[in-house]
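Trainee: Please pick one loop of this model and take a close look at it for me. I would also like to see how it connects with the rest of the chain.

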Amino acid sequence: MTDRFTIRRPDDWHLHFRDGEIMRDVVPYTARQFARAIVMPNLTPPVTTMALAEAYRARIRAAVPNGVRFEPLMTCYLTDDTDPDDLVRGAAAGVFTAAKLYPAHATTNSAAGVTNVEKIHPVLERMEAEDIVLCIHGEVTDHSVDVFDREKVFIERHLRAIVAAFPKLRIVFEHITTADAVDFVLGAGPQVAATITPQHLHINRNAMLVGGIQPHNYCLPVAKREEHRLALRKAATSGNPKFFLGTDSAPHLRKAKEAACGCAGIFGAPFALESYVTVFDEEGALERFEGFAALHGPAFYRLPVNEETITLVRGETDVPEVLTVAGEEIVPWHAGQRLGWRLVG
Ligand code: NCD
Ligand code: ZN
């Protein structure tokens with residue numbers, strides 16, 4: 001039995017840092033584990049231009065603890081009015097690593113998102129020509145579609161068409177939650193990949209709805225049936241380079257989660273690697289963890305792999321019931337649980 005192993009330092013290919021005091025308090029959790037992270041742009045107001053992204057990146061860099069090497073990779077929030085020239089300039093300058101498509105009103109702070117994908121066809125055309133990665137929140141927002149079907153319907157109504165219209169555009173289908181998404185990614189060309197969160201590997205929708213409503217297990221896209229969780233575990237641990245790590249860590253204060261209208265998002269950053277490695281261990285796939293966590297993402301984004309390493313050991317990690325950010329309580333993913341692995345540097 002493997003009790004200890006060393007891999008290249010991983011990267012988180014999808015997370016939310018927020019801004020201000022919350023950002024300053026959550027960045028160290030990610031920097032403890034990861035060398036880089038794709039930072040989502042859904043602030044209020046959203047990060048829609050190169051200038052906004054540069055300023056946000058500087059604020060994140062200032063929050064990285066002294067002596068820690070961590071690089072935020074910025075994304076451009078696409079709107080109906082995105083200026084393709086600014087996006088291309090930002091990518092060429094190394095400010096933007098990708099652009100993010102939020103269907104308007106799909107999730108937290110997405111009101112300024114894209115109302116109709118056709119409106120941004122000129123932008124997607126430029127992105128394809130300039131080889132800029134498109135990250136997609138793949139859920140329809142149509143109120144007549146059941147929330148548990150919104151990812152599957154997005155594939156049929158929009159994603160197939162985007163992939164067909166822009167066959168060279170590199171696309172990351174973010175935080176996939178269904179067997180349908182796994183099948184779609186497997187069936188698409190090498191230009192289509194997906195991130196998978198820890199929560200969607202650990203829980204199905206019962207964890208949100210059985211025994212009283214569990215707001216800390218609520219995120220978007222919502223966890224689905226068990227058969228979907230199993231398909232995600234198979235994909236993540238398969239060794240297929242189309243699937244890689246993206247926590248979707250989305251910090252919301254405890255009071256905003258435990259509310260009559262609780263926010264969507266799970267704060268997965270603090271013990272993300274311990275969470276993921278537990279899954280790989282349960283699946284007998286520890287030897288494939290480095291690919292998922294540290295190799296497939298850089299290969300897809302065409303970035304160098306990290307030279308530093310981390311070591312994970314079998315051992316106890318007790319996740320606190322609650323942490324403090326911005327002087328307020330926040331409940332981390334796995335709160336109050338004991339995980340069987342520890343990151344030792
Ligand atoms: C994210 C957030 O809070 O910013 N929430 C979530 O449930 N995942 C937004 C997102 O990625 O959908
Ligand atoms: Zn997200």
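## A loop and its surroundings

Mentor: Let's begin with R18, which lies in the loop between β2 and α1 (20–33). Keep in mind that this is a predicted model. R18 has a positive phi of about 60 degrees, although it is not a glycine. Is R18 buried or exposed? With a relative accessible area of 13%, R18 counts as buried, because the limit for that class is under 20%.

The zinc ion (ligand 2) is coordinated at 2.0 Å by H14 (NE2), H16 (NE2) and D248 (OD). Along the chain, these donors follow the spacing H-x1-H-x231-D. H14 belongs to strand β2 (residues 12–15), while D248 is in the loop between β9 (243–245) and α10 (254–257), so the pair links parts of the chain that are 234 residues apart. H14 is buried at 1% relative accessibility, and D248 is buried as well, at 5%.

As a reference point, ideal angles at a metal are 109.5 degrees for four tetrahedral donors. Water is not among the atoms, so a site may look incomplete.

What is F17 part of? F17 and F289 are the residues with the most contacts inside the largest nonpolar core, which has 86 residues. Leaving aside neighbours within four places in sequence, F289 is in contact with F5, I7, L273, Y276, V277, F280 and L312. Apart from that core lies another, of 14 residues, including M40, L73, Y77 and C135.

The bond joining T44 and P45 is cis, with omega about -5 degrees, and P45 sits in the loop between β3 (36–39) and α2 (50–63). The bond from L220 to P221 is cis too, with omega near -10 degrees; P221 is in the loop between α8 (206–209) and α9.

That loop leads on to helix packing. Helix α9 (residues 226–236) packs with helix α6 (residues 179–187) at an angle of about 35 degrees, and their axes are 8 Å apart. On the α6 side, A179, D180 and V182 meet H228, A231, L232 and A235 of α9. By class, this contact has 5 nonpolar, 1 polar and 1 charged residues.

Finally, V163 in helix α5 (residues 150–165) is buried, with a relative accessible area of 14%. Not counting residues up to four places away in sequence, V163 touches I171, F184, Q191 and V192.

Terms used
Residues numbered from 1 in each chain as written. Chains lettered and ligands numbered in written order. Predicted model: local features only at pLDDT ≥ 70, side-chain atom pairs only at ≥ 80, totals over all residues. Heavy atoms only, no water. Donors = N, O, S within 2.8 Å, 3.2 Å for Na, K, Ca; no water. Helix = DSSP H or I, 4+ residues; strand = E, 2+ residues; numbered from the N terminus. Buried < 20%, exposed > 50% of the residue type's maximum accessible area, 1.4 Å probe, protein only. Axes fitted to C-alpha atoms, helices over the stretch in contact; angles between N-to-C directions. Contact = heavy atoms within 4.5 Å. Nonpolar A, V, L, I, M, F, W, Y, C, P; charged D, E, K, R; others polar. Core = buried A, V, L, I, M, F, W, Y, C linked by side-chain atoms within 4.5 Å.
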